[in-house]
Amino acid sequence: MPAATSLASLLGLGLLWGMVAGMWPSRALPPPLEVWRVLLKEAASGDLVYHLAMTLWRVAAAYAVAMIVGSVIGVLLGRHRRADSFFNPWLVLFLNLPALVVIVLAYIWFGLTEAAAIGAVAINKIPNVIVTMREGARALDHRYAEMATVYRLGQLDYVRHILMPQLQPYFAVASRSGIALIWKIVLVVELLGRSNGVGFQIYLYFQIFDVAAILAYTLAFVAIMLLIELFLVQPLERHATRWRRRSA
């Protein structure tokens, strides 16, 4: 039923789009069938697959860097008050630093390279991960740490059986919001300084005012991200929380 409801909702949105495009014909709002034809054309030529793959690679790399670095720093700050007090102004600064500024400075300082692009995206996300994981570290139940000491758990067992289960909800929140934020910033990075990817294609078609192609690439990438959410993120989250009691 949830899948059928979602499908019906998307079909309704498509019908509404088609009706509006039919009532007010304009090059700025092509009908769904025209966008679909462009999508098939780009897929048949191989361009769509290539540019989607490049964007997905950047999203995955930036996501991995942001989650690893942000989680480690966030847990350390959450467990050490003095370090948290000292570095909190830095964190506030980076939280309020516009993403566009970070991207431009990264390209100026390190050149129009792949490392600069991925690093700029990761830097924009790391502060958000730090804040979330810091709150998780602050909320740790110290009774479990005392129990680990009594039973003489090793460091690896402590991290696996005590620390990670308590931090999992916070990690899930940071991960879910991270994917949604990172892929949007990646498009800006590609638009400003890359020669491939969905963002570059959108910029290319914007110059010739090809709205159908812009929508085709946008919807294709959104569809990919929805599939990742449904078939990768949610199953992994269910697996990570399988130890919890389910409500009757």
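Which pattern does the protein chain follow along the sequence? The pattern reads α-α-α-α-α-α-α-α-α-α.

## Basis

This is a predicted model, in which local features need pLDDT of at least 70, side-chain atom pairs count only at pLDDT 80 or more, and totals for chains, interfaces and linings use all residues. Residues are numbered from 1 along each chain as its sequence is written, and side-chain values use heavy atoms, with hydrogens and water left out.

## Fold and packing

The protein chain has 10 helices and zero strands. These elements are DSSP runs: H or I of at least four residues for helices, E of at least two for strands, numbered from the N terminus. The C-alpha trace spans about 70 × 55 × 30 Å along its principal axes.

Of the 248 residues, 35% count as buried. Buried means under 20% relative accessible area, exposed over 50%, and partly exposed in between (1.4 Å probe, protein chains only). Among contacts (heavy atoms within 4.5 Å) with a separation of 6 or more, 75% join residues 24 or more positions apart.

## Aromatic cluster

The whole structure holds five aromatic pairs. Rings of Phe, Tyr and Trp (its six-membered ring) pair if their centres lie within 6.5 Å; planes under 30 degrees apart count as stacked, over 60 as edge-to-face and the rest as tilted. Phe86 and Phe87 pair edge-to-face, at 4.9 Å centre to centre and 85 degrees between the planes. Phe87 and Trp90 also pair edge-to-face, at 5.0 Å and 90 degrees.

Phe86, Phe87 and Trp90 form one aromatic cluster. Phe87 and Trp90 lie three residues apart in helix H4 (residues 81-95), about one turn of the helix. Phe86 counts as exposed because its relative accessibility is 53%. Phe87, at 32%, is partly exposed. Trp90, at 49%, is partly exposed.
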